[in-house]
Each structure stands twice: as C-alpha cells, then as structure tokens.
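Dear colleague,

My findings follow directly after it.

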Amino acid sequence: MNATEGGTTKGKSSAKRTLLILAGVWIGGIVVLGAIYGLHGTRNKVYEPQNEFKLESWVHLGIFSINKAVLYLVLAAIATCVSMIYIARRMQARPNKVQAAVELLYELMRNQITGSAMSEEMAAKWFPFVGALFLFIMFSNLIGYIPLPTNTEHKIDIAGLHIPSFSLYAATANLSIPLVLALVVFFSYTYEGVRAKGPIGYLKGLIPGGVHGGMAVAIFFLEVLSNFMRILSLTIRLFANILAGHLIILFMAGALAVILGITALGWFTLPFGVLLFAFEVGLVAALQAFIFATLTAIYLGGAVAEDH
Amino acid sequence: MHIALITLLAAATEETAKAGKSIGLGVGGGLGAVGAGVGIGIIFGKAIEAITRQPEMRDEITQLQWLGFALTEACFFYGLVAGLLAAFIV
C-alpha cells in the first residue's frame with residue numbers, strides 16, 4: 001500500500017518496516033500470551049473443530065441422505081451454471097473485468113486443455129465436457145474456502161439465534177465426489193476409444209506398437225491395470241489435495257490451539273494458516289481443476305490415437 | 001503359562017501394533033514427502049533451465065511445469081493416504 005505511493009527506495013524501506021513491525025507483533029504476542037496463559041493446556045473435549053469433516057445427515061433418506069457434502073455439491077453446481085450463463089447472456093464487445101477473466105478461462109480450456117490433446121474435430125465435440133469438468137471442480141474447490149455455517153455439531157449464539165458454527169468444507173474434500181467424476185471420465189474415454197476402433201481394436205490398441213509375442217501379453221495386462229489405476233490416481237489426487245489443504249488450514253488457523261488448549265500456540269500458527277490459505281485459494285484450487293481437466297483431455301485423446 | 005505373563009504379552013502386542021501403525025503413518029507421510037520434494041525440485045529446476053535456454057517457449061514450458069508439479073505432488077498424497085489407512089483404518 002505504502003510501497004506503491006512512495007519512491008522505489010522509500011517504498012522498499014517502508015515495506016521492510018511494516019514487515020518488521022508485523023514480525024515484532026507476532027513474536028511479542030507469542031511471548032505475552034505464553035506468559036499470561038502458560039505453555040501447558042488441558043485437552044479440550046467440549047468443542048472439537050475437527051468435526052467440520054464429519055458428515056451428519058440433515059435429511060434422512062437412507063443412502064440418499066442429504067448432508068454437508070450434498071449441500072456443497074449443489075452450491076458448486078448452481079454457482080457454475082448461474083455465473084457462466086449470466087456472463088454468456090451479457091456478452092459485450094468491450095468486456096468488463098469479469099468477462100475478460102472468463103474469456104481468459106475459456107481460452108485456457110479451449111487452447112491449452114482440449115486443443116493440445118485432441119484433434120480439432122474431437123476437441124470441438126468434447127470441449128463442453130472437459131470445460132464443464134474444469135469449471136465445476138474449480139468452483140467446488142473455491143466455494144470450499146468460504147466459511148459457511150454448516151458445522152451443525154456445534155452451535156454458536158448470535159443475538160439469540162442458534163446458528164451452526166462456521167466451517168470450511170468442499171464437495172471435493174469428500175472421497176465419493178472425485179471418485180464419481182473419475183468414473184465418468186473413465187467410462188467416457190473407454191466409450192470413445194471403443195467407438196473409434198471397435199472393442200477388439202481398442203483392446204489391441206492398448207499394446208504399444210513394436211511389441212510382439214509373450215511380451216505383448218504381459219504389457220497388455222499391465223496396460224489394463226494402469227487403465228484402472230487411472231481412476232484411483234485421478235480420485236486420490238483431487239481428494240487428498242483438497243482434504244489435506246483443508247486439514248492444514250484448520251490446524252494452523254486455530255484448531256490445534258483449541259484442541260490442546262494452549263493459547264500461545266494459536267497465535268504462533270496463525271500466520272502459517274493465513275499463508276496456507278492464500279496458497280490453497282490462489283494456486284491449488286485452480287491447479288487441481290486444471291490437472292483433472294488436462295488429464296481427462298489427454299486420456300480422451302489417447303483413447304482414439306492410432307498408436308501410443 | 002502364568003496369567004500375569006499372558007496379560008503382559010497381550011499388552012506388549014497391543015503396544016507393538018500401535019507402534020507399527022505409527023511407523024506406517026510416519027513412513028507413508030515422511031518418505032512420500034521426501035520423494036515428492038525431490039521430484040518437485042527437479043521439475044522446477046529443469047523448467048527454469050529450459051526457459052533460460054529458450055525464453056520464447058515460456059508459455060508451453062510453464063504449462064508442462066504445472067502439470068508435472070501436480071502429478072508429482074499427488075505422489076506425496078498417495079503415500080500420505082496409505083499411511084493414514086495404516087494408522088487409522090487397518
């Protein structure tokens with residue numbers, strides 16, 4: 001803030017000073033809180049912030065019970081559809097900032113994700129699928145970083161209203177949603193491959209060119225296995241990235257202090273929580289969506305390719 | 001066998017199982033982090049090398065770099081998930 005107003009040297013020194021003051025406040029806070037409340041705490045059994053990962057059924061419908069993950073899934077779907085349709089309806093020749101950002105995303109999906117992995121004809125056909133996957137996963141990840149009152153395990157009192165305490169959760173931090181997405185991807189590229197080459201041709205196409213005899217049989221089984229492993233790797237990559245991000249934000253931003261009952265520890269970990277939050281929102285959310293969509297496009301392109 | 005000895009052995013096996021689970025979590029998380037750390041370092045190092053050699057390829061290299069980063073990072077999570085499975089579920 002000050003850095004941009006002043007000259008280069010002045011801006012640099014004032015930014016440095018701000019940083020030093022912040023570091024001083026941080027270390028001083030640890031010392032003061034440590035001195036006041038002590039470095040030993042008692043384990044807190046009353047309020048368990050880790051319950052934000054617990055799925056509690058709100059509407060009981062057997063296996064179709066509605067819980068937090070369903071809410072986040074619906075929210076992400078609505079956010080994706082509404083925002084994209086709204087922007088598409090209001091397209092202008094001179095784009096404003098939001099439209100420019102969406103157009104940038106569109107370019108990314110069109111050229112980098114689908115365009116580089118498939119032929120032109122196929123890219124035109126599969127672009128909606130890959131693009132929708134990308135946007136949905138990105139929205140789902142990003143919504144996960146907005147604190148919403150969903151932790152029904154604990155209530156907080158605001159002006160006489162008992163509202164559930166605020167927590168972070170994402171649809172993609174639940175194993176089942178990435179798994180379903182990965183299964184959809186698996187079936188669509190298998191379908192596309194079988195349609196392009198026929199069932200026998202597709203299975204033959206799994207063997208790389210130039211391999212014959214007994215070696216080909218072994219390679220074939222390995223390739224079939226690796227095809228199924230793709231489901232697992234797509235799922236775990238997305239799920240574990242988002243879950244681990246949420247867990248570490250949770251613990252750094254105060255849960256560790258709350259569970260262990262050490263006040264100074266909370267102050268100590270808070271800056272790391274803020275940094276990790278920025279890292280997750282700024283990089284991981286979009287990057288994981290990008291990876292998922294890129295791999296989908298690569299698998300789709302590979303399924304119809306003559307040789308691999 | 002004496003009752004005391006049996007209870008002692010039972011307690012010892014329980015402790016050993018706990019220790020094994022902790023080792024599983026430590027190896028899964030720790031070695032996974034080591035491998036992924038080395039891999040991510042190699043990817044970014046090579047990307048920097050490639051960009052300094054051919055700055056005009058920057059965009060393509062950056063895209064590949066992020067792809068490689070995410071694929072490598074995922075390997076850490078495979079280890080971590082296996083460790084968590086060993087510690088809490090098995």
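**Contact between the chains**

Nine residues of chain B are in contact with twelve residues of chain A, where contact requires the C-beta atoms of two residues, placed from the backbone, to lie within 7 Å. The side of chain B that touches chain A comprises eight nonpolar residues, one polar residue and no charged residues. In this classification Ala, Val, Leu, Ile, Met, Phe, Trp, Tyr, Cys and Pro are nonpolar, Asp, Glu, Lys and Arg are charged, and the others, Gly among them, are polar.

The model is a predicted one, in which local features need pLDDT of at least 70 and side-chain atom pairs count only at pLDDT 80 or more, while totals for chains, interfaces and linings use all residues. Residues are numbered from 1 along each chain as its sequence is written, and chains are lettered from A and ligands numbered from 1 in the order in which they are written.

Between the chains, helix H9 (residues 263–304) of chain A and helix H2 (residues 58–89) of chain B have axes that come within 10 Å and cross at roughly 95°. H9(A) is therefore roughly perpendicular to H2(B), a term that covers angles of 65 to 115 degrees. Axes are lines fitted to C-alpha atoms, for helices over the stretch in contact, with angles from 0 to 180 degrees between N-to-C directions. Helices (H or I, at least four residues) and strands (E, at least two) are DSSP runs, numbered from the N terminus. From H9(A), Leu287(A), Gln288(A), Phe290(A), Ile291(A) and Thr294(A) meet Trp66(B), Leu67(B) and Ala70(B) of H2(B). This contact has six nonpolar, two polar and no charged residues.

**Chain A**

Chain A has nine helices and two strands, in the order α-α-α-α-α-β-β-α-α-α-α from the N terminus on. Its radius of gyration is 25 Å, well over the 19 Å that the globule rule gives for 308 residues, so chain A is more spread out than a compact globule. The radius is taken over C-alpha atoms, and the rule is 2.2 Å times the number of residues to the power 0.38.

An automatic or database domain assignment divides chain A into domain 1 (1–37) and domain 2 (44–304). The centres of these domains, taken over C-alpha atoms, are 37 Å apart. Six residues from domain 1 of chain A and five residues from domain 2 of chain A form the contact.

Helix H4 (residues 97–115) and helix H5 (residues 120–143) of chain A pack at an angle of about 105°, with their axes 10 Å apart. H4(A) and H5(A) are therefore roughly perpendicular to each other. Among the residues in this contact are Met109(A) and Ile113(A) of H4(A), and Trp126(A) and Phe134(A) of H5(A).

His212(A) lies in the loop between helix H7 (199–205) and helix H8 (214–260) of chain A. With 8 C-beta neighbours inside 10 Å, His212(A) counts as exposed; the cut-off is 12 or fewer, whereas 20 or more makes a residue buried and values in between partly exposed, with C-beta atoms placed from the backbone.

**Chain B**

Chain B has two helices and zero strands. The radius of gyration of chain B is 22 Å, well over the 12 Å that the globule rule gives for 90 residues, so chain B is more spread out than a compact globule. Its C-alpha atoms fill a box of roughly 80 × 20 × 10 Å along the principal axes, and 11% of its 90 residues count as buried.

With kind regards

Note on methods. Parallel < 35°, antiparallel > 145°, perpendicular 65-115°, else oblique.
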